[in-house]
Amino acid sequence: MRVARLSASLVIVVAFGFLIWAGAYAYMHTPVHTPGQPHEVTIEPGWSFARISHTLAEKGIIQSPWKFRLLARYKQQTGAVQAGEFRLNSGWTPVKILDALVSGRAVLHTFSVPEGLPWWEVATLAGNTPLTSREKFKAALGDSGFLATWDIPTDHAEGFLFPETYHVHRSTSQD
């Protein structure tokens, strides 16, 4: 009788463990939608993983914030998510979504400076992109911190706006 109870208990524990494992496996390898939809998501510096998970769920990229947090804890990546703007897809599995956020491969935007344009026309071009406004671009050209960062030895960046196509990340700061 005692052996039968112990055997039954063992079977129940093993079955329960298998159900948990099967559910976790299914979650990790099942996308929210098939086919999926592309989404752009911005992760701000300092966001908690809970906030990131809720943002992804609100946009329909993942189904369950708490399951996504458990996945990240299991993979030991809750603190490894990079800030930036990411192109994700609701047709991706949660594992692929987490890998994309950890990889740090944020969206690059293209900005071209044609030859021969004065700085104020370049500022207007920059203001017509999703990267910045004309006013912010204009202010940066004379900002001493910005100039020092780029080793520009003058008090204005005029003459340092070289004709080129630049590939840049959108700033995630509110500045």
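How are helix 2 and helix 3 oriented to each other? In this predicted model, helix 2 and helix 3 are oblique to each other, a class left for angles that are neither under 35 degrees (roughly parallel), nor over 145 (roughly antiparallel), nor 65 to 115 (roughly perpendicular). Residues are numbered from 1 along each chain as its sequence is written, and side-chain values use heavy atoms, with hydrogens and water left out. Because the model is predicted, local features need pLDDT of at least 70 and side-chain atom pairs count only at pLDDT 80 or more, whereas totals for chains, interfaces and linings use all residues.

**View 1. The crossing of helix 2 and helix 3.** The axes of helix 2 (residues 49-58) and helix 3 (residues 65-74) come within 9 Å and cross at roughly 130 degrees; axes are lines fitted to C-alpha atoms, for helices over the stretch in contact, with angles from 0 to 180 degrees between N-to-C directions. Helices (H or I, at least four residues) and strands (E, at least two) are DSSP runs, numbered from the N terminus. The crossing is right-handed, which means that the near helix is turned clockwise from the far one by less than a right angle, anticlockwise being left-handed. Phe49, Ala50, Ser53, His54, Leu56 and Ala57 of helix 2 make the contact with Pro65, Phe68, Arg69 and Ala72 of helix 3, where contact means heavy atoms within 4.5 Å. By class, this contact has 7 nonpolar, 2 polar and 1 charged residues; Ala, Val, Leu, Ile, Met, Phe, Trp, Tyr, Cys and Pro count as nonpolar, Asp, Glu, Lys and Arg as charged, and the others, Gly among them, as polar.

**View 2. The crossing of helix 5 and helix 6.** The axes of helix 5 (residues 119-127) and helix 6 (residues 134-141) come within 7 Å and cross at roughly 135 degrees, which makes helix 5 oblique to helix 6. This crossing is right-handed, and in it Trp119, Trp120, Val122, Ala123, Thr124, Ala126 and Gly127 of helix 5 meet Arg134, Phe137, Lys138 and Leu141 of helix 6. The residues of this contact divide into 7 nonpolar, 2 polar and 2 charged.

**View 3. Strand 3 beside strand 4.** Strand 3 (residues 108-113) and strand 4 (residues 164-169) pair in the antiparallel sense over 6 bridges, pairing being assigned if DSSP finds at least two bridges between two strands. Val113 has Glu164 in strand 4 as its bridge partner. His167 lies in strand 4, is exposed with a relative accessible area of 53%, and touches Leu108, His109 and Thr110, not counting residues up to four places away in sequence.

**View 4. Gln76 and Gln77 in the loop between helix 3 and strand 2.** Gln77 counts as buried at 16% relative accessibility, and it touches Ala72, Leu98, Asp99 and Val102, not counting residues up to four places away in sequence. Gln76, by contrast, counts as exposed at 72% relative accessibility, and its phi is near 55 degrees, a positive value in a residue other than glycine.

Note on methods. Buried means under 20% relative accessible area, exposed over 50%, partly exposed in between (1.4 Å probe, protein chains only).
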